[in-house]
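Let's walk through this model together, starting with its sheet and moving on to its aromatic rings.

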Amino acid sequence: MNIENQIDAILEEIITIRRDFHKHPELSEQEKQTAEKISTYLHSWNIPHQIGVAGYGIVASVTGTKEASIKQAFPAIAIRADMDALPICEKVEIPHRSVAEGVMHACGHDIHMATLLGTARILQSLRSEFHGTVKFFFQPAEETIGGAERMIAAGCMENPKIEAVIGLHVAPSIPSGAIEFCRGRMNAASTEFSIRVEGVSSHGAHPDDGVDAILAASHIVTALQSIVSRNLSPTNSGVLSIGQFHAGTKNNILPPYADLKGIIRTFDKATQVYMKQQLEQIAVSTAQAFGATASVDFHDSYPALINNDLLGSILESAALQHFNQEQLFLLSEPSMGAEDFSYFANASKGIYFNLGTKRESSEKPQALHSEWYDPDDSCIRSGMLMEVAAAFALLNYEKKPSATDRRK
């Protein structure tokens, strides 16, 4: 079994598929044509799949036909790719530039989908070489409503029960085709919040006749920064950012209210709860000090993404069998950004890694969510190789006997 030869035989076709996805991007919850194309490819490769999962999501599966030789720790695993594009106008002049005005695959989901399709095709051709089931999650709405959570609610993790989930994300900061692992914490949990500060409207010439909601809200913005700088341990990561401040309609009228909106990022639940409590206390008490009132609403978004240690060690060992040491990186610190793969990692054991897309030379700086993002799609070869190797490594990992088993 030579995985690399099989990957090389289909690589150009998979790259062509990626460029078609790139040329025809679709926004979150609108991935209809993208889903139809994925389904067509899966049909042509005789891979069974379910469409319409949590919107335009697709769940495909390949079951190995080899007889079991061990008691598997992970008899059923899944690999995930997200599908949606972003409302960004592409500026890169390439033959497969987006034809959808104002929409672009600026986060690499086109590469994610193409890579997973290639992985599914390879594993379908090699099903006589393994025992167990591999599911393939083509997930919609990653950029907006958290499609992972909805796919889980729709039952994608059952029948058979998924014991481990793999995911990858493109990374323009590392060389094309390189693999970057992260041990433990990788992405933060997020909590969106809104604060309404209510005062009393008055003429701008007579502020003493009212209660200045803007003044009270401004002091709240300043005071909230003390939560991280003076209430969290320097070794405990947390971020609090105000992204919106809306108030007033005229320059000579003190408005009756001011609205603040922002986000909290943390890595653990206790810190998340503490920061929410502190935020509400500071907002309410600061508003009262100025004669105003404040009400606070929270919306917990994506949970923290924490990679499973066992899966990490298994995948790192598998990578060493197929990649040179200089192609393997270790993320030095986690990101405070959120990632909805965390829903899968919380529903089962999960492992997420990065796939390098950096070209040797590029006229424009490369960054995700940029109108200039132009990844080197030859990286798809490494993406498929890592996913296929990971699937075999997990399916062949023997379940260790428990203490109870050893006493029998």
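Two strands pair if DSSP finds at least two bridges between them, and strands (E, at least two residues) and helices (H or I, at least four) are DSSP runs numbered from the N terminus. This is a predicted model, where local features need pLDDT of at least 70, side-chain atom pairs count only at pLDDT 80 or more, and totals for chains, interfaces and linings use all residues. Residues are numbered from 1 along each chain as its sequence is written, and side-chain values use heavy atoms, leaving out hydrogens and water.

Begin with the open sheet, whose 8 strands follow the order β1-β2-β4-β3-β5-β16-β6-β15 with mixed pairing. At its edges lie β1 (49-53) and β15 (328-330), each pairing on one side only. Next to β15, strand β6 (residues 179-181) pairs with β15 in the parallel sense over 3 bridges, and here Ile-179 stands opposite Leu-328.

Now for the rings. Rings of Phe, Tyr and Trp (its six-membered ring) pair if their centres lie within 6.5 Å; planes under 30 degrees apart count as stacked, over 60 as edge-to-face and the rest as tilted. That rule gives 8 aromatic pairs. Tyr-41 and Trp-45 are stacked because their ring centres are 5.8 Å apart and their planes at 20 degrees. Phe-181 and Phe-353 form a tilted pair, with 5.9 Å between centres and 50 degrees between planes. This pair links strand β6, which holds Phe-181, to strand β16, which holds Phe-353, 172 residues apart.

Are these two residues buried or exposed? Buried means under 20% relative accessible area, exposed over 50%, and partly exposed in between (1.4 Å probe, protein chains only). Phe-181, at 4%, is therefore buried, and so is Phe-353, at 0%.
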